[in-house]
Amino acid sequence: IHGALNLAAMFINSLPRDVSLPKAMLSSSGEIGLYWDTTELYIDLEFGSDTHFSAYFRDRLTGKERFIEYLSMNRNDLDQFFKDIGSSYSIAA
């Protein structure tokens, strides 16, 4: 669990300034999570290990859903993730 906590903290510290901070949660399976919940979207991140996390997106306006099972903290994965949530999902701070 310490690895998942560290990964979640690293993720929060890597958030671009224009993205609002997510809320913390603990899933029913005991995994550490972060989420954004707005009138337009829901994004749920689960940190099940010390190296990778998963992301679930639901656009409430269109009903579009997306699940990414295996994201890492490498710059390419994070850049793509932030591009998705920053432009497509508008969770600007």
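**Close-up views of a predicted model**

View 1. Residues are numbered from 1 along each chain as its sequence is written, and side-chain values use heavy atoms, with hydrogens and water left out. Strands β1 (residues 23–26) and β2 (residues 32–37) run antiparallel and are joined by four bridges; two strands pair if DSSP finds at least two bridges between them. Strands (E, at least two residues) and helices (H or I, at least four) are DSSP runs, numbered from the N terminus. Five residues lie between β1 and β2 in their hairpin, and G30 in the turn has a positive phi of about 90 degrees.

**View 2. The pairing of β2 with β3.** Six bridges pair β2 with strand β3 (residues 41–47) in the antiparallel sense, and among the residues involved W36 has I43 of β3 as its bridge partner. These two strands form a hairpin with three residues between them.

**View 3. The largest nonpolar core.** A nonpolar core is a set of buried Ala, Val, Leu, Ile, Met, Phe, Trp, Tyr and Cys residues joined through side-chain atoms within 4.5 Å, where buried means under 20% relative accessible area (1.4 Å probe, protein chains only), exposed over 50%, and partly exposed in between. The largest one has 22 residues, of which F11, W36, L45, F47, F53 and F81 touch the most other members. At least two residues of this core come from each of α1 (2–14), β2, β3, β4 (52–59), β5 (65–72) and α2 (75–88). In soluble globular proteins, nonpolar side chains tend to be buried together.

**View 4. The surroundings of H52.** H52 has its place in strand β4, and its side chain makes polar contacts with the side chains of T51 (2.8 Å) and Y70 (3.3 Å). A polar contact is a pair of N or O atoms within 3.5 Å; within protein, one must be able to donate a hydrogen and the other to accept it, and residues adjacent in sequence count only if both atoms are side-chain atoms. Leaving aside residues up to four places away in sequence, H52 touches L7, F47, Y70, L71 and S72, contact meaning heavy atoms within 4.5 Å.

Definitions and conventions. Predicted model: local features only at pLDDT ≥ 70, side-chain atom pairs only at ≥ 80, totals over all residues.
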